[in-house]
Amino acid sequence: QVQLVESGGGLVQPGGSLSLSCAASGSIFRIDSQGWYRQAPGKQRELVATITNSGLTVYADSVKGRFTISRDNAKNTVSLQMNNLKPEDTAVYYCNGDIISSRGRRYLEVWGQGTLVTVSS
């Protein structure tokens with residue numbers, strides 16, 4: 001069994017910064033694409049950013065220039081640095097990944113439990 005666990009959410013003032021981290025656990029051989037998604041109250045879950053295991057990134061237009069996704073393949077972690085946060089960034093943030101276990105089983109679309117980010121003065 002493989003799992004993803006997010007950390008780092010909290011309350012921050014507009015214009016502030018916050019860093020999220022997601023750690024994978026279990027017997028992992030490799031993690032392919034990883035990403036961060038978010039879901040605001042009353043809205044559908046949306047893509048924030050993704051990163052391949054070779055480092056190619058994709059960002060939602062709403063976060064370009066403010067958020068940076070990165071990963072550490074040796075530690076099986078993915079991070080999201082969020083700068084110049086806005087109230088509209090308030091949401092539950094979820095990490096996601098396609099994971100191959102050490103036994104060769106592929107787990108598609110593994111989700112973490114989510115971490116709440118609140119941007120408010």
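Over which ring does the charged end of arginine 45 sit? The answer is the ring of tryptophan 111, with the charged end 4.5 Å from its centre. Here a charge sits over a ring if NZ of Lys or CZ of Arg is within 6 Å of the ring centre and within 35 degrees of the ring normal. Arginine 45 also lies over the face of tyrosine 94, at 3.8 Å from the ring centre.

Before I continue, a word on the basis of these values. This is a predicted model, in which local features need pLDDT of at least 70 and side-chain atom pairs count only at pLDDT 80 or more, while totals for chains, interfaces and linings use all residues. Residues are numbered from 1 along each chain as its sequence is written, and side-chain values use heavy atoms, with hydrogens and water left out.

Let me stay with the aromatic residues. A pair of aromatic rings is described by the distance of the centres and the angle of the planes. Rings of Phe, Tyr and Trp (for Trp, the six-membered ring) pair if their centres lie within 6.5 Å; planes under 30 degrees apart count as stacked, over 60 as edge-to-face and the rest as tilted. By this rule there are two aromatic pairs. In one of them, tyrosine 37 and tryptophan 111 have ring centres 5.0 Å apart and planes at 65°, so the pair is edge-to-face. This pair links distant parts of the chain, since tyrosine 37 is in strand β4 and tryptophan 111 is in strand β10, 74 residues apart. Strands (E, at least two residues) and helices (H or I, at least four) are DSSP runs, numbered from the N terminus.

Tyrosine 94 and tryptophan 111 are also edge-to-face, because their ring centres are 6.4 Å apart and their planes stand at 85°. Here, too, distant parts of the chain are linked: tyrosine 94 belongs to strand β9 and tryptophan 111 to strand β10, 17 residues apart. Together, Tyr37, Tyr94 and Trp111 form one aromatic cluster. As to accessibility, buried means under 20% relative accessible area, exposed over 50%, and partly exposed in between (1.4 Å probe, protein chains only). Tryptophan 111 is partly exposed at 32%, and tyrosine 94 is buried at 14%.

I turn now to the charged pairs. A salt bridge is a side-chain nitrogen of Lys or Arg within 4 Å of a carboxyl oxygen of Asp or Glu. The count by this rule is six. One of them joins the side chains of arginine 106 and aspartate 32, at 2.6 Å from N to O. Arginine 106 lies in strand β10 and aspartate 32 in strand β4, so this pair ties together parts that are 74 residues apart in sequence. Arginine 106 is partly exposed, with 42% relative accessibility, whereas aspartate 32 is buried, with 12%.

Another salt bridge forms between aspartate 61 and lysine 64, whose closest N and O atoms are 3.1 Å apart. Aspartate 61 is exposed, at 64% relative accessibility.

Which residues are linked in a network of salt bridges? They are Arg38, Glu46, Arg66 and Asp89. Arginine 38 is buried at 5%, and glutamate 46 is partly exposed at 36%. Aspartate 89, placed in the loop between β8 and β9, is buried at 1% relative accessibility. Its side chain makes a polar contact with the side chain of arginine 66, at 2.7 Å. A polar contact is a pair of N or O atoms within 3.5 Å; within protein, one must be able to donate a hydrogen and the other to accept it, and residues adjacent in sequence count only if both atoms are side-chain atoms.

Threonine 90 lies in that loop between β8 and β9 as well, and is partly exposed at 21%. A polar atom of its side chain lies 2.9 Å from the backbone oxygen of proline 87. For the backbone nitrogen of valine 119, the distance to a polar atom of the threonine 90 side chain is 2.9 Å.

I close with the nonpolar core, meaning a set of buried Ala, Val, Leu, Ile, Met, Phe, Trp, Tyr and Cys residues joined through side-chain atoms within 4.5 Å. The largest has 30 residues, and those with the most contacts inside it are Trp36, Leu80, Met82 and Tyr93. Among the elements that give two or more residues to this core are β4 (28-39), β9 (91-101) and β10 (106-111).
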